[in-house]
Amino acid sequence: MATFTLETRDGARQEITGKNGVSLMKLIRRAGVEELVAQCGGSCACATCHVYLTLPQGIEMAESGPAENRMLATASHRKLNSRLACQIRFDETFDGMAIRIAPEDATSF
């Protein structure tokens with residue numbers, strides 16, 4: 001089974017089993033991580049599922065789209081590896097990926 005490691009804001013790490021085609025947001029929330037707020041429920045209307053991704057060596061991911069870029073533009077903690085977890089569908093090629101939840105951002109709510 002393909003898995004990824006999630007790091008919460010306090011540095012706690014948890015291995016989560018992925019399921020092809022399911023958004024990272026849903027996988028993280030189903031794992032009981034309430035820290036990832038996902039206020040809009042995955043409709044790309046907020047940035048409360050902002051995460052930092054580190055992909056396995058040699059794996060590439062599609063660029064973020066216009067709607068995701070608009071939402072990330074509101075996040076004051078945006079980095080080059082910033083993405084919205086609701087916009088990424090898990091794929092077994094992401095096995096070993098590391099995800100860190102971005103700091104809370106008052107402008108995201």
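**Notebook: hairpin, ring pairs and charged pairs**

I began with the strands and found β1 (residues 3-7) joined to β2 (residues 13-17) by 5 bridges, the two running antiparallel. I took helices (H or I, at least four residues) and strands (E, at least two) as DSSP runs, numbered from the N terminus. I counted two strands as paired if DSSP finds at least two bridges between them. This is a predicted model, so I kept local features to pLDDT of at least 70 and side-chain atom pairs to pLDDT 80 or more, while totals for chains, interfaces and linings use all residues. Residues are numbered from 1 along each chain as its sequence is written, and side-chain values use heavy atoms, with hydrogens and water left out.

**Entry on the hairpin**

I looked up the partner of T5 and found that T5 bridges to E15 in β2. β1 and β2 make a hairpin with 5 residues between them. In the turn, I noted a positive phi of about 95° at G11.

**Entry on the rings**

I searched the whole structure for aromatic pairs and got 2. I let rings of Phe, Tyr and Trp (its six-membered ring) pair if their centres lie within 6.5 Å, with planes under 30 degrees apart called stacked, over 60 edge-to-face and the rest tilted. F4 and F90 form a tilted pair, 5.8 Å centre to centre with 40° between the planes. This pair links distant parts of the chain: F4 is in strand β1 and F90 in the loop between β4 (82-84) and β5 (97-101), 86 residues apart. F90 also pairs with F94, edge-to-face, at 6.2 Å centre to centre and 75° between the planes.

F4 is buried at 1%, F90 is buried at 3%, and F94 is buried at 7%.

I also checked for a charge over a ring (NZ of Lys or CZ of Arg within 6 Å of the ring centre and within 35 degrees of the ring normal). The charged end of K79 sits over the ring of Y52, 4.7 Å from its centre.

**Entry on the salt bridges**

I used the rule of a side-chain nitrogen of Lys or Arg within 4 Å of a carboxyl oxygen of Asp or Glu. The count by this rule is 3 salt bridges.

E7 and R13 meet in one of them, at 3.3 Å from N to O. R13 is exposed, with a relative accessible area of 64%.

E35 and R9 form another, with the closest N and O atoms 3.9 Å apart. E35 lies in the loop between α1 (24-30) and β3 (50-54) and R9 in the loop between β1 and β2, so this pair ties together parts 26 residues apart in sequence. I noted both as partly exposed, E35 at 24% relative accessibility and R9 at 33%.

E68 and R83 also meet in a salt bridge, 2.9 Å from N to O. E68 lies in helix α2 (residues 66-72) and R83 in strand β4, so the pair ties together parts 15 residues apart in sequence. E68 is buried, at 4% relative accessible area, and R83 is buried at 11%.

Methods: Buried < 20%, exposed > 50% of the residue type's maximum accessible area, 1.4 Å probe, protein only.
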